[in-house]
Amino acid sequence: MTTIEVDTRGETCPVPLVECRKALRKAAPGDEVIVTGTHPASKKEIPMACESMGLEIIGIDEESGEWKIRIKR
Amino acid sequence: MSNKTVIIVHSGDMDKLYSALIIANGSLSMGMEASLYFTFWGLERLKKGGLEKGPLSKMNFLGLGKWMVKGRMKKANVAPLEKMMTDFKELGGKIIACEMTMEIMGIKQEQLRTEWIDEYGAVGTYVHEAKDAEITLFI
């Protein structure tokens, strides 16, 4: 199992969502993808995308406008 | 899988091309399939060096308005169309070029970014592509 980190801080729509999807496509089943960003809408939409693809969200943290979403591929 | 978005890119305006590519990339990111059918003025943007050439659909003011909007977009860190297109292709997005438009406008295949184009087709190709799509738009 490997961990893939995606940094989308400062990026706006649709980059965080697209970069998350690109990382998930490259990840192997069981890998963990961690997306960090500051775009508020993406914090809601990345979990929405994961749900429609049947992927599990391990955790969402937010601190002073910077969020971190952990996804299990 | 019928979980698909198909967009007719009829306009070559910069802002409308942004809308089409953002929706298409959003669809791919949500786990759907996505196809873009380029026709009429949209097809002009598939020409070599043509992607960023389109004017604004409103308030272009001979390019001054577009220049101002581009400045604002840069400040807001909006990705360039070239990146959106590269991402679209990387995520498995499909591009169809309208053959009838190519004939009307005298556009030859070698004038286009053929590396992006998956298929050349007419109305039948669009209908075939869109008949099982959940989202289909005309932009």
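Figure 1. D87(B) and K83(B) both sit in helix 4 (residues 81-90) of chain B, four residues apart, about one turn of the helix. Helices here are DSSP runs of H or I with at least four residues, strands are runs of E with at least two, and both are numbered from the N terminus. The model is predicted: local features need pLDDT of at least 70, side-chain atom pairs count only at pLDDT 80 or more, and totals for chains, interfaces and linings use all residues. Residues are numbered from 1 along each chain as its sequence is written, chains are lettered from A and ligands numbered from 1 in the order in which they are written, and side-chain values use heavy atoms, with hydrogens and water left out.

The closest N and O atoms of D87(B) and K83(B) are 2.8 Å apart, and the two form a salt bridge. The term requires a side-chain nitrogen of Lys or Arg within 4 Å of a carboxyl oxygen of Asp or Glu. D87(B) is buried, at 5% relative accessible area. K83(B) is partly exposed, at 26%. Buried means under 20% relative accessible area, exposed means over 50%, and partly exposed lies in between (1.4 Å probe, protein chains only).

Figure 2. K22(A) forms a salt bridge with D87(B), and their closest N and O atoms are 2.6 Å apart. Eight residue pairs between chain A and chain B, both residues at pLDDT 80 or more, are in polar contact. A polar contact is a pair of N or O atoms within 3.5 Å; within protein, one must be able to donate a hydrogen and the other to accept it, and residues adjacent in sequence count only if both atoms are side-chain atoms. On the side of chain A that touches chain B, helix 1 (15-26) and helix 2 (40-52) of chain A each supply at least two residues. Helix 1 of chain A gives the largest share of that side, eight residues.

**Figure 3. The extent of the interface.** In contact are 18 residues of chain A and 17 residues of chain B. Contact means heavy atoms within 4.5 Å. About 1,400 Å² is buried between the two chains, and carbon and sulfur atoms give 61% of this area. P14(A), V18(A) and K22(A) supply 30% of the area that chain A buries against chain B, more than any other three residues. Buried area is the accessible area (1.4 Å probe) that two parts lose on being put together, summed over both.

**Figure 4. Strand 3 of chain B and its neighbours.** Four of the five residues of strand 3 (residues 94-98) of chain B are buried, so this strand is largely enclosed by the rest of the structure. Strand 2 (residues 33-38) of chain B pairs with strand 3 of chain B in the parallel sense, over four bridges. Pairing requires at least two DSSP bridges between the strands. S35(B) stands opposite K94(B) of strand 3. Strand 4 (residues 119-121) of chain B also runs parallel to strand 3 of chain B, joined by three bridges. There, Y120(B) is the bridge partner of A97(B). From strand 3 of chain B, the chain crosses through helix 5 (residues 99-105) of chain B to strand 4 of chain B in a right-handed β-α-β crossover. Right-handed means that, with the strands pointing away from the viewer, the path from the first strand over the helix to the second runs clockwise.

Figure 5. The side chains of K94(B) and E119(B) meet in a salt bridge (3.1 Å, N to O). This pair links distant parts of the chain: K94(B) lies in strand 3 and E119(B) in strand 4 of chain B, 25 residues apart. K94(B) is partly exposed, at 24% relative accessible area. E119(B) is partly exposed, at 29%.

**Figure 6. A salt bridge from a loop to helix 3 of chain B.** Over all chains, the whole structure holds 19 salt bridges. One joins the side chains of E52(B) and K70(B) (2.7 Å, N to O). E52(B) lies in the loop between helix 2 (40-44) and helix 3 (64-75) of chain B and K70(B) in helix 3, so the pair ties together parts 18 residues apart in sequence. E52(B) is partly exposed, at 25% relative accessibility. K70(B) is partly exposed, at 30%.

**Figure 7. The surroundings of L55(A).** L55(A) lies in the loop between helix 2 and strand 3 (56-63) of chain A. L55(A) is buried, at 19% relative accessible area. Leaving out residues up to four places away in sequence, L55(A) touches L24(A), C50(A), I71(A), K72(A) and R73(A). L55(A) and I71(A) are 16 residues apart in sequence, with 7.2 Å between their C-alpha atoms.
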